[in-house]
Amino acid sequence: MSFPKFYKCLHRLCPDHTLHCLLMCVLLCTQEELLVGAPRVLVTGATGLLGRAVCREFHSAGWTVIGTGYRRARPRLLRCDLTDEDAVRGLLHEYKPDVIVHCAAERRPDVMERHTEAAVNLNVHATSTLAKEAATCGALFLYISTDYVFDGRNPPYGEDDSPNPLNVYGRSKLEGERETLRHCPGAVVLRVPVLFGEVESVTESVVTSLYLKVQEASEESCTLDHVLQRFPTDARDVAAVCRKLSERARQDPSIRGIFHFSGKEQMTKYEMAVAIAQAFNLPSSHLIPLTEQPAASALRPINSQLNCSRLELLNLSVEPRPFTSAIIDCLWPFTPDKRWRQTVFH
Ligand code: NAP
């Protein structure tokens with residue numbers, strides 16, 4: 001109901017309380033307009049490490065958030081198998097988001113080598129469906145990609161440098177980028193390196209899982225890779241960049257195409273583990289740096305450092321949190337007196 005109609009109704013009911021009616025009317029209409037006017041974001045992979053942070057970031061900035069998950073979907077999150085085209089179409093037509101942040105993916109390179117078909121279905125085909133539907137319903141599409149699209153031989157990499165993925169995961173994410181930009185030319189692709197954040201269990205991220213190695217101090221020595229150079233990045237910083245990009249891109253259609261965002265501290269797994277030990281005042285002498293490339297089923301780039309100047313020049317970046325304080329933030333719930341904490345978006 002419009003403001004004048006609502007006012008007339010109230011005034012008819014209680015003509016002696018003109019001022020009260022007017023105030024109540026202003027309050028209720030403003031509330032309604034705020035809810036109706038809030039932009040809507042649909043976050044896929046909202047049960048995952050990055051998706052949870054993205055939901056929280058947009059929610060606290062006043063957006064209406066629609067989060068989707070699959071196996072872990074819980075109350076307040078929608079369950080949707082993104083590889084089911086009809087389900088994706090139905091979802092977008094029902095919720096009509098202004099922005100879609102597509103976080104859902106299979107992101108474990110070794111799992112991808114073993115279950116290639118299912119993972120390609122999610123990383124490529126589901127992305128393609130979402131991009132087509134985003135273009136049809138006029139939503140801004142933000143696709144999360146990875147530094148693994150590069151081979152790591154000639155860092156740092158700018159947005160226009162030629163990708164050359166070394167493994168199935170990197171190839172599938174690169175194909176997802178191409179599908180995104182083919183079906184939805186106004187889309188944004190955000191490449192990020194290895195992530196950590198508020199995890200549901202320490203093993204949820206390769207970075208936080210190093211805490212287990214640190215805790216093995218009383219046992220035998222523990223070797224850790226000291227060859228592959230990484231730039232651990234806090235999912236909360238990525239989430240803030242997603243929000244800034246979304247807000248700007250909705251106003252300015254020239255904000256589209258590929259962007260890079262990354263933490264600034266270069267570390268091997270060995271160096272991350274030592275930093276974690278120091279952060280928690282734990283011994284690190286049992287940690288042994290391994291200077292030969294680790295055996296894994298999927299090849300990984302040696303150093304796929306991302307040059308992030310495009311975001312910075314447009315004032316769309318955030319200052320990455322320092323690794324030590326960020327990792328303390330994420331791991332404290334797992335210190336001996338607090339083993340577990342629920343972190344899914346409420
Ligand atoms: P994650 O924690 O493994 O979460 C994956 C998400 O995908 C979960 O929410 C999962 O839902 C959902 N999902 C899986 N299969 C699905 C299906 N068939 N239909 C719908 N949803 C499905 O991943 P993440 O670490 O947050 O990664 C987010 C994005 O960042 C990905 O695009 C990834 O490629 C990229 N990235 C991640 C890293 C990293 O280190 N984590 C590094 C670079 C780039 P359920 O769990 O509910 O089934």
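Gly 48 is found in the loop between β1 (40–44) and α3, where helices (H or I, at least four residues) and strands (E, at least two) are DSSP runs numbered from the N terminus. The model is predicted, so local features need pLDDT of at least 70 and side-chain atom pairs count only at pLDDT 80 or more, whereas totals for chains, interfaces and linings use all residues. Residues are numbered from 1 along each chain as its sequence is written, and side-chain values use heavy atoms, with hydrogens and water left out.

At 14% relative accessibility, Gly 48 counts as buried; buried means under 20% relative accessible area, exposed over 50%, and partly exposed in between, with a 1.4 Å probe and protein chains only. Leaving aside neighbours within four places in sequence, Gly 48 is in contact with Arg 72 and Glu 204, contact meaning heavy atoms within 4.5 Å. Gly 48 and Arg 72 are 24 residues apart along the chain, and their C-alpha atoms are separated by 8.6 Å.

A backbone N or O atom of Arg 71 lies 2.7 Å from an oxygen atom of the ligand, and a backbone N or O atom of Cys 80 lies 3.4 Å from a nitrogen atom of the ligand. The ligand has 900 Å² of accessible area on its own, of which the protein covers 91%; accessible areas come from the Shrake-Rupley method with a 1.4 Å probe, and for residues only the protein chains shown count as cover.

There are 27 residues around the ligand, and Thr 47, Arg 71, Arg 72, Tyr 169 and Lys 173 come nearest; a residue is near a molecule if one of its heavy atoms lies within 4 Å of it. By class, this shell has 16 nonpolar, 6 polar and 5 charged residues. Here Ala, Val, Leu, Ile, Met, Phe, Trp, Tyr, Cys and Pro count as nonpolar, Asp, Glu, Lys and Arg as charged, and the others, Gly among them, as polar. At least two shell residues are supplied by each of α3 (49–60), β5 (140–146) and α7 (168–183), and the largest share, 3 residues, comes from β5.

The protein as a whole contains 12 helices and 11 strands. Of its 346 residues, 51% are buried. In soluble globular proteins, nonpolar side chains tend to be buried together. The largest nonpolar core has 62 residues, and Val 101, Leu 190 and Leu 245 have the most contacts inside it; such a core is a set of buried Ala, Val, Leu, Ile, Met, Phe, Trp, Tyr and Cys residues joined through side-chain atoms within 4.5 Å. Apart from this core lies another, of 20 residues, among them Cys 80, Val 88, Ile 100 and Cys 184.

Two further loop positions were examined. Ser 205 lies between β7 (195–196) and α8 (210–214) and is buried, with a relative accessible area of 2%. Its contacts, neighbours within four places in sequence left aside, are Leu 49, Leu 195, Phe 196 and Val 199. Ile 302, in the loop between β11 (287–290) and α11 (309–313), is partly exposed, with a relative accessible area of 39%. The C-alpha atoms of Ile 302 and Arg 230 are separated by 8.4 Å, although these residues are 72 residues apart along the chain.

Note on methods
Polar contact = N/O pair within 3.5 Å; in protein donor to acceptor, adjacent residues only side chain to side chain.
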